[in-house]
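Good morning. Please have a look at the structure on the screen, and then I will go through a few of its residues.

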Amino acid sequence: MAENLKKQLSKLSKRGPHRVLAGDLEFAGLPGKIYAPAEGNGLPALAFGHDWMTDIGRYHNTLKHFASWGFVVAAPNTEQGIAPNHRGFAADLESALQIAAGVKLGNGNITVSPGKLGLIGHGMGGGCAVLAAAGRPKTRAVVAIYPATTSPSAESAANNVDIPGLILDAGKDSIFHSGDPVELARNWKGPVAYRKITNASASGFSESIMLKTAMGLGWPEFSAQETARGLATGFLLHRVTGDKKYAPFSALEVTAKRVANLSESEPESPLAGFLSR
């Protein structure tokens, strides 16, 4: 039976209860940003990967959102060129997690639990988050938002990802994204949840309003952004922090507005047969 996420998703799609601080990762030798709740000990932490040629500043509201729900979020701003090194960016995500877990933040009143770490990314960053997660059992979860093609292949790397995963797919076509979220889910070694946000396009998740308009890609998809943030937040609260209240966000099938599942109850589903694992 599908889990109904209506009430929880509506709540988690909006800002959380924590006041948020923001700073630079440069102090630790890695270009990028770090967002955190204003205080807290033993907090969960995420490393966030940006899309191809997308400055991390284009994710300000997204990073602030996760921090408002209690996560320290470290976001490297590396591999910005037209031909990025995906393996190198995956390594930067790992470094960002190590920094978040190993350094006291704020005035020393913000610390991270080394046992509560997760990876998340959009587009290229989503694929690289999978690369970083492969063979890294100490990380609790990974979220790939509209993952794009990477080299080496994230779809192949998924065969070695034991930790729980959430894969978000876009329901509308996009010009620049050529990833295969369904294949990524099919290859996942550990438990995985797949969702398709029907009113989203892969390029609509970042917040670069002027750039999208200039390139003829339309306006950011605010409603779809909120849905993606809410789905990811609930999943991460369950898988990274262990809060069982949010276990429905890890279910194979869910019911929510503009969120579709591919289930083995549908014979035409590309995922038929793999969901029973």
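This is a predicted model. I start with Ile-34. Ile-34 sits in strand 3, residues 32–37. Is Ile-34 buried or exposed? Its relative accessible area is 7%, and buried means under 20%, so Ile-34 is buried.

Phe-48 forms one aromatic cluster with Tyr-59, Tyr-146 and Phe-205.

Now the aromatic rings. How many aromatic pairs does the structure hold? There are 4. I will show two of them.

One is Tyr-59 with Phe-205. The ring centres are 6.3 Å apart and the planes are at 40°, so this pair is tilted. Tyr-59 is in the loop between strand 4 and helix 2, and Phe-205 is in the loop between strand 9 and helix 7, so the pair ties together parts 146 residues apart in sequence. Tyr-59 is buried, at a relative accessible area of 0%. Phe-205 is buried as well, at 2%.

The other is Tyr-146 with Phe-205. Here the centres are 6.2 Å apart and the planes are at 90°; the pair is therefore edge-to-face. Tyr-146 lies in the loop between strand 7 and helix 5, 59 residues from Phe-205, and the pair links distant parts of the chain. Tyr-146, like Phe-205, is buried.

That is the end of my part.

How values were computed: Residues numbered from 1 in each chain as written. Predicted model: local features only at pLDDT ≥ 70, side-chain atom pairs only at ≥ 80, totals over all residues. Heavy atoms only, no water. Phe/Tyr/Trp six-rings, centres within 6.5 Å; stacked < 30°, edge-to-face > 60°. Helix = DSSP H or I, 4+ residues; strand = E, 2+ residues; numbered from the N terminus. Buried < 20%, exposed > 50% of the residue type's maximum accessible area, 1.4 Å probe, protein only.
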